[in-house]
Amino acid sequence: MVRNSRRRPTRARRATLAAVSLMLGGAGLVAANVYASASEGWGDGSGAGTTGQLRSTAMATIDCPDVGSRLTAVPDAARADVDRELAELDRQTAAAYQQLQQAGKAGGPDSGSLDTAITQPLKERRSASLGRIADAIDRAGRRPQGLESLAACTLRPGDTGEATGTPAGDGGQGGTGPAPSGTGQSGNGPGGAGQAGNGPVVSDYADITAVQPDAQAPPLQAGASRGTFTSDCGVNANGLFNSDNVIVAPGVSNGAHHFHDYVGNQANDAFASDEDLARAGTSCADQGDKSSYYWPVLRLQNGTRERDAGAPGGGTEGNAGRIVTPKQVTLTFVGNPRGEVTAMPRLLRIITGDAKAFVNGPGNANASWSCTGYEDRQLKDKYPLCPRGSDVVRTFRFQSCWDGRNIDSANHRTHVAFTAVDGSCPAGFRPIPQLVQRIVYDVDAPSLADGGRTVPLFAVDSFPEQLHKPVTDHGDFINVFDEDLMREMVDCINSGRTCGRPGGDDSGTTAAPTSAPTASPTSAPPVSPATSPTSAAPGDASTGQPGDGGAGQPGDGGAAASTPPAASRSAAEAPRLDVTTSPARTTKHDTDDKAAPAGPATHRATPARSAPDRPTPPPSAPVSSAPASSAAGQGTAAALAPPSSARPEPQAGQGALASTGAHLWPGALGTLLALSGLFMLVRARRLRY
């Protein structure tokens, strides 16, 4: 029998081996986690390499004909089915764009492969939805012709243009020359593809100081309604967001495919009925204003993962980054340059701008971007680069002519219209108070040279295939004013007084009544079914004409328009950021203790409805069907300052450990393991081998 001479490990040796294993494993876990965290760049891994740089490749997108805007008349009985199928078309396009984006990340297959894998299946799905739309209308009226021609979509190649200058006073980047491009970390950055890889890009920005001032509006006529009425509804500091749109897609969750800020009515979501809106609380200082005012949120592309990062309409559809709470929101109703205005009908719905203008073209676009101190200069398809001390301003000027019958229409446009250059409304329309929304943001001009790494890019939420283009900016309004307060507004405007509860700071300004700008018509004619039970709004040659925001932009009356405000903020000062972001469709905040909660979710299909019967005085100003043309206005009244709110410190730059602290728990665990191993090693040394 042979004796085994191998020494069995003693207790001390076993302890030593275990301690060394713990120390090595813990140290490895720490190293791997720190490396991954420091190189993850934009937080979600999309569009960023291990250096944290933005992708510089051009971004292709999917261009599909917009069916909703072509349906100018839909029978009431068919509205529910049509709305549902229109929302399904949007969902199909968003899904196809996500396929395209993933294909690009995988190496970019050739156009033939993309056509087979994406556009052909998309065409088939769209054809089926268009057939169901035609069937729904056919059951209630006469079948529309030509819908099948809207099934095909095309792939649009990306653009990689340069920005139009950079603002002066930003550390040597002033002037109007093109911003540098590149991909290195030594000063030159990429063209940029945004935090989620679908925009914005450097060419989406322009130096406001390089923009020429707009022309002034013609003088008001003797009978003009010169008064203003302001409603203070806050800045959405309570964080009411969702990705619905009850006007365009009632009863459809995530019908907008991007998140909206909401002020005023606190019950607005896809399932809100008229009764829900009437019962809801309001954020407005005057509780008689329960109107709903909403617009796409603005985000800083700084790597932050908001709570909607994994939600439809948020990060899963390319809307990423930190939601910025406005510094100031001013809601002002102004009069007509020719005569008196009449009351808006209760529950009137108005959409201004086009959320799909990047692929649809500018026919219905109404974006208007500027900077405080430079509001005589307006940008339509660029985000402004503001000088230090100047804030970003986005302005919406809503349609101010109403057809006198309908509170909505099939395409949500033909029941309202913009005035012509002389202030007249189209034939059959009457002037109503014009809503002017002015939203101010305390955000700095992004550092274009490094693709927004030093100072982050900013952009509005959008449909994923719209690539966060500034031209897609838009605003929505539902009138839920108490009728007594609406009469007070009309009397105030017609009598030339300044009324209401102003909000914001005293640098805010209010526009004079504006007319429709020059805008190219939509490329394709509308598809309209034959006569249906719903009457089409007249004046369709001009009702779809948007305002360009440059007409009558708020400003300082033209005095020293090119001089930035005296007040300036430090370059190191943090922008105002929202700290109460709510997940998709889960937040409602009633500000009125007596407000009843929203009722049970019910599908509502009410566009193209008639206004409630009530006597409406005829317009005093003559009307005409003059074509829309460009005009500009003059700024007037100032607003008062709301209380300031706390400004949380922003996270560190992209790729820094401070911006990824929430993801360092594996490193902490590794550290604990390593320390445990060290402790065991010390104890083992005291044991006898």
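## Salt bridges

A search of the whole structure, a predicted model, finds 21 salt bridges. A salt bridge here is a side-chain nitrogen of Lys or Arg within 4 Å of a carboxyl oxygen of Asp or Glu. Side chains of opposite charge can pair when their charged atoms come close. In this model, local features need pLDDT of at least 70, side-chain atom pairs count only at pLDDT 80 or more, and totals for chains, interfaces and linings use all residues. Residues are numbered from 1 along each chain as its sequence is written, and side-chain values use heavy atoms, with hydrogens and water left out.

One of the bridges joins E85 and R132, with N and O 3.0 Å apart. This pair links distant parts of the chain: E85 sits in helix α2 (residues 79–105) and R132 in helix α3 (residues 111–140), 47 residues apart. Helices (H or I, at least four residues) and strands (E, at least two) are DSSP runs, numbered from the N terminus. E85 is buried, at 12% relative accessible area. R132 is partly exposed, at 41%. Buried means under 20% relative accessible area, exposed over 50%, and partly exposed in between (1.4 Å probe, protein chains only).

## Buried pairs and a network

R394 and D473 also form a salt bridge, at 2.4 Å from N to O. This pair, too, links distant parts of the chain, 79 residues apart. R394 is in strand β14 (residues 392–397), while D473 is in the loop between β19 (457–460) and β20 (474–478). R394 is buried, with a relative accessible area of 0%. D473 is buried as well, at 1%.

D376 pairs with R377, and their closest N and O atoms are 3.8 Å apart. Both D376 and R377 are buried. Elsewhere, salt bridges link D66, D90 and K356 in a network.

## Overall build

The protein has eight helices and 23 strands. Of its 689 residues, 55% are buried. Contacts (heavy atoms within 4.5 Å) can be sorted by separation along the chain. Among contacts in the protein with a separation of 6 or more, 82% are between residues 24 or more positions apart.

The protein exposes about 26900 Å², and carbon and sulfur atoms supply 55% of that area. Accessible areas come from the Shrake-Rupley method with a 1.4 Å probe; for residues, only the protein chains shown count as cover.

## The largest pocket

The largest pocket has a volume of about 750 Å³. It is lined by 43 residues, and those closest to its centre are D66, S69, D354, K356 and N360. D66 and K356 also belong to the salt-bridge network with D90. A pocket is an open set of points on a 1 Å grid over the protein atoms alone, where a 1.4 Å probe fits, with protein on both sides within 12 Å along at least five of seven lines; lining residues have an atom within 4 Å of a point. Grid points are joined across faces, edges and corners, and the volume is the space filled by probe spheres set on the points.

Helix α2 gives the most to this lining, with five residues. β1 (61–63), α2, β11 (349–353), α5 (357–360) and β20 each supply at least two residues. The lining divides into 15 nonpolar, 18 polar and 10 charged residues. Ala, Val, Leu, Ile, Met, Phe, Trp, Tyr, Cys and Pro count as nonpolar; Asp, Glu, Lys and Arg count as charged; the others, Gly among them, count as polar.

## Backbone and loops

Most residues other than glycine have a negative phi, and most peptide bonds are trans. A cis peptide bond joins G199 and P200, with omega about 5 degrees. P200 lies in the loop between β2 (154–156) and β3 (205–207).

The loop between β19 and β20 holds L467 and H468. L467 is not a glycine, yet its phi is positive, near 60 degrees. H468, also not a glycine, has a positive phi of about 60 degrees. L467 is buried at 1% relative accessibility, and H468 is buried at 1%. D473 belongs to the loop between β19 and β20 as well.

G452 is in the loop between β18 (434–441) and β19. G452 counts as buried, at 0% relative accessibility. G452 and Q195 are 257 residues apart in sequence, but their C-alpha atoms are 9.8 Å apart in space.
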